[in-house]
Structure formats: structure tokens, C-alpha cells
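The following note sets out points for the reader to consider alongside the coordinates.

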Amino acid sequence: MAAGSTVAPPRAGKRFATVLQPTAMVYLALVLLLVAGSVLVGIQGGVLLDQGGILNILTRSTALGLVAIGQTMVILTGKLDLSVAYLIGLCSLIGAETMAGDPNMILPAVLLTLACAAAIGLVNGLVITKLKVNAFIATLGMALIIRGYLESVYTGPAGDVPRAFQHLGYDRIGPVPVSALLMLALAAAAWWYLTRTKGGYHVYAVGGDEEVARFSGIRTDRTIIKVHVLCAVAAGLAGLFLASRLGSGAPWVGVDAGYDLESIAAVVLGGTLLAGGRGGVAGTIGGVLILATLDTIFDDLGVTPFFKDVVRGAVLIIAVALYARRRGLHR
Amino acid sequence: MSEPTTAAPESRPSRRIKLADGTGPVLAVLAVLLIALAFVGPAYSEPSGYLALLKRAAPLMILAIGQYFVIVSGGFDLSVGSLVTAEVVIAARLLDGDEAATLWVIPLLLCTGALVGLVNGLITTRLLVPSFIVTLGMLLVLDGAVFLWTGGSPRGALSEAFRVVGREGFEVPLLGQLPWSVLVLAALVVAAVVFMRRGTGRMLVAIGDNETSVRLGGGRVERLRTLAFVLSGVSAAIAAILLGGFAGVSAQVGDGLEFRVITAVVLGGVVLGGGRGSVVAAMAGALTLEALFSLLNLLGVAGGLESAVQGVIIIAAVAYAAAGRFSFRTRRST
């Protein structure tokens, strides 16, 4: 089977590839899902894409989208970040505790939170590049360290988010939440960075082959550290968003939602290669929207939450199997 | 327990590293921890204390054997934690306290584990999906499917006969009570060491080191990598039987085990990406982790710090191993 498709006529393969880029496939799948979902929900007498439905899908997408944008950059360099889930909880706490209900403290709190997140990303990046620890282990270790801190210091929600900051989580323009727009703006910025700047090209180069990138004169260490810092900051933003939704900081808000593995799933679902070097933010946002739409459809249909997990797992495996087939196998 | 690796056959001196990378340090750390336990805990002044430690560590060590096969051949198995939970829940549901059913439920559990491993392996090798994703998907599917089947919470009960292996032991002169789980563990250790010294085991390591050369050399890469996943699934089933017996039915029994066992294997000097490390060292890593937790417990360290210490140790262990090697390979597996 493997040999069969590698020796397939290049013309046919190329045509197929140009017709259906992974990103296009993701959005095609999203449209199909929305249509199928609308029909299914319609049969039960509901409407999937009414104002509430759109709001629901976009709200669900916001936090995961923020994390997944950062995760995309890390995965593009061929690394992983497993520490984001605990980092989200930590950042929600730092933000909420610094604000402590005082509207004047919003800006300092946001800056402090993002600075802390960046510091943790920096440590991740340094451990990976300077101590030469595998990214999986380095970020897993960081996750355990943050978890230990959260477990020993916090017993439950803490801090207080002022009403002014809660607007960030709840305000909307028509059916579109402001926070979702901010998330999409960040995605656009990340897309611009990855596809239009030198730094972005370096990210792809490092993911494609780290040795070759190094020999080409790219400072691979800097690139890797940079993406880990950006990923941690994105997780910090997700933490702040969740704090504004909840009204306080919650230590386990990121872990309970499984944002570490979930964000990796969204990125991979969006057509980014787990080994790095290929993919992009646009696909990731598609992946995030697919996951959120699936959730919303299942909620509307009243399916048990356990079935959701089964479908999610199956969708993930099938999607990646399709990408692998289409890529003509094994890079 | 470490003798099998150190006593390599003299006939082929440098064919394979006698003491695989990282084996030395983990054994040294383990020895220090075991001695420290004797000073700190009065229970460790006699063999029974250490046997109890082994009994606690047995499930993790068995999982480490399975995970070692997968990691050394260049993959990941993230599904073991949820597989353990699934197996325990399935056992409770099928047994429902019926002693007579034990005889067919245990083989059924082993088959389920093998089947899950087979599916993981086939999707990884035939559909070319990275094993990280396959087993992540499998984790989600198992988590959902089991509770879909039982309606949200574990039902039924384990039979007494089922729980004997994880809980009971038999009297041995001098040592006191020897737990069955330690006996099971010993049998599996011997089996794993023998397996790794024969052609199939060596081929598995070779695949993790350089898949292409094994394929060009005529090795059946797909079949062997699938075998590694099957073995990992079976090890999860055995660990589930021990854990179910030891701790009873719970929906959280396997929570976080996948990362803990990967920690253990990496602590044993096995390199993620494959091709380096020994199975005995992987098990020593698991035992070291459990010994460390016991020590922290005895020293009265708060629960929260336990995971922080685990985090620091895992990073330090890999950094140490990387510093010792000239070119550390961070290859990603498929």
C-alpha cells in the first residue's frame, strides 16, 4: 500500500493536492458538519445556527482557540507543549488575585499574568534547547511542577475579577462575542507572522529539519524558545479569558477541560503535521471550530457526554489517517 | 533484579551496550532511595516492608514493561491509563461479584488489552497516523465508551477470587508474606528480559534506532511495531487486574497513569524516539518513582509537592542523560 501511492503518477497526485489543501479540507469538513448538524438538530425540532447556537460555538472556540494558536506554533517547530493546561489555571489565578476586584488593577494584572506566562514559556524553551531535554518531557515536567504548586497553595477558586473585566468575557456584537473576535484577531496576527515574516519562515524551517535549518544559519534555539514563549503567552490569554468568564481564578479550569491534549488534537485536526514543518493557524482555527461545533450539536441533540469523547477520538484518528494518505505517506 | 543486564554474554562483547544508557544512574538513585527508606521508615527494617513497596509498585512496573516496548520501537502509548480504567470497570460489570465468572473474565480482559493494542498498532503502522495521535484518540474513545456502556459510573463488583492476585499473598519462611503480585511481576520481568535478549527484542530496539535500515534489511517493521502495542495493551490488562484487586473498583483508577509510566520509563534512561535503553532500567525507573513517593510520604511532604518533585526529577534525569551523550536525538516518532 505504501509503495503503491508513492509511485503513483505525480500529475494526478499533484492535481489532487492543489484541489484539496488540508486547510480547505478542514473548512469543507466544517461546512459539511454544520449542514449535517443543522439537519439532525432540525429533525428534532431545533435550530443549530440560531443566535444562541452561533454564540455557543464561538464561545466554546475562544479559549481552546487561544491555546491552539500557541500550540500550532510549537508543533510547527516539531515540539509539543503539555504544560498549557496547568498554566491556564495558574494564569487565571494570577490575574484574578492581582485584580482583587479593583478595576484600576486590570492593566497591571494582565501585564503581570502575561509576564509570568512568558517566563514559564522561556523556561520551557531554555530547558529544551540548552539542556537538550525532549520537549515532551520538558513540558510534562513543567506541567507537574505547576500542578504541585497549585495543589499545595490553592484549595479552590481564588481572587476576584472586577465587573469591568468580566465584560471581556460576556460582551458581544450581535451573535458574535467580542472575545471570539479578539481570538480571531490573534489568529490573524499569528497567520501573518508565520507566513509573511522571516521569523515565521524560520519556524517552518526548524520544524522541517532542525539540523538543516541550523546549517542554513538559522538560530534554531532562538526560534524554539520564541515559539514556546508565544505559546505560553497564548495560554496566559486563555487563562485571563476564562477568569473573566468565571469571575475568579480557578486552579483546575484548564486541566478539567483537558486543554493540553485537546489543543494538540485541534492543531492536528487542522492539518498541521505533528512532526512539524507543515500546517498553519488557519487550519487550526478550522479544527477548533469543528470540535466546538461537534460539542454544540451533541448538546442540542441531548447526547450523553461520554459519546462525545468516543466521536472525538474517532474523528481525530480518521482525520489524521486521511491527511497521511493524502500526503503520499511518510513525508 | 539488575543482574540480567549487567551480566551480558561474553561471546559478543560490543554488539549491544551492556549497561544501556542511563541504567547506571537510575540503579544508583534507586539504591540510595531504598537505603534512605530503611533509615526513615521503621517498616523498612525488615524484608516485608520492601515487599510491600514492590507490591505497590508492581502495576506501574508492569505498565513500564509494556510502555518500554512501544517507546523503544519509536512510539508512544498514551492509552494505557484509560485502558486500565476500562479494564477494571469491565471486570466489575461482568463479574458482578460472581466467583464462578472469574475464570473466563480474566482471559477476556487480557484479550481486550491485546485487541486495543492491536488496533493502536494497526492504525499506527497501516494508516501511518503518528502513535501519539492514535493513542490519544484511543484514550478518548475508551474513556467515553466504557462510561457509555456502564451509564456514567462503574457498576457491579469484583469477585473475591479476582482480588486475590492484587491483594493477597502466601507465607514464605524468612520473608514473611510474599504477595502474589510480586510473583507475577517476577515472572514478567524474566519473560521481558528473555524476550529482549532474543532476535525479536533486538529487532524492536533496532526499529526505534533506524527504521529504514531494518526495513531494508528485511525486518518486518510493521508487524513488530504492532506487536509492541499489543504487548503494551496486555501489560495494561495485567496491571488493571492487580490494581483492581489492590484498590477495588473506581472510575479514577487509571487517571494519569499514562504520563506516570512514561515518566518512569524515561527515568530509566530510555530515550523517547526509540533505539536506546533497557527494559530492566525502565522497570527500575518505575520502582524508583514509587520508592520516591513512599519516601516523600514518610518525610511528611505535602501531596502537592509530590508532583512538583516528580516534574523536577524527570527533567533533571533527561537533562543528565542528554549531557552525557554527545548528540542527543530529539527525533519525533511516527
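Which residues have the most contacts inside the largest nonpolar core?

1. The model is predicted. Its largest nonpolar core has 203 residues. Those with the most contacts inside this core are A:Val67, A:Leu87, A:Ile88, A:Ala235, B:Met61, B:Ala64 and B:Ala282. With 16 residues, helix H12 of chain A (residues 220-246) gives the most to the core.

2. Leaving aside residues up to four places away in sequence, A:Ala235 touches A:Val67, A:Gly70, A:Val84, A:Leu87, A:Ile88, A:Cys91 and A:Ala117.

3. Chain B comprises 14 helices and two strands. Of its 334 residues, 52% are buried. Where contacts in chain B join residues at least 6 apart in sequence, 80% of them are between residues at least 24 apart.

4. Helix H9 of chain B (residues 199-209) contains the buried residues B:Leu204, B:Val205, B:Ala206, B:Ile207 and B:Gly208. The elements that cover them include helix H3 (47-72), helix H10 (211-216) and helix H11 (221-247) of chain B.

5. Between the chains, 39 residues of chain B are in contact with 40 residues of chain A. On the chain B side, helix H6 (131-150), helix H12 (257-267) and helix H14 (303-324) of chain B each give two or more residues. H14(B) provides the largest share, 14 residues. By class, this side of chain B has 28 nonpolar, eight polar and three charged residues.

Note on methods. Residues numbered from 1 in each chain as written. Chains lettered and ligands numbered in written order. Predicted model: local features only at pLDDT ≥ 70, side-chain atom pairs only at ≥ 80, totals over all residues. Contact = placed C-beta atoms within 7 Å. Helix = DSSP H or I, 4+ residues; strand = E, 2+ residues; numbered from the N terminus. Nonpolar A, V, L, I, M, F, W, Y, C, P; charged D, E, K, R; others polar. Buried ≥ 20, exposed ≤ 12 C-beta atoms within 10 Å, placed from the backbone. Core = buried A, V, L, I, M, F, W, Y, C linked by C-beta atoms within 7 Å.
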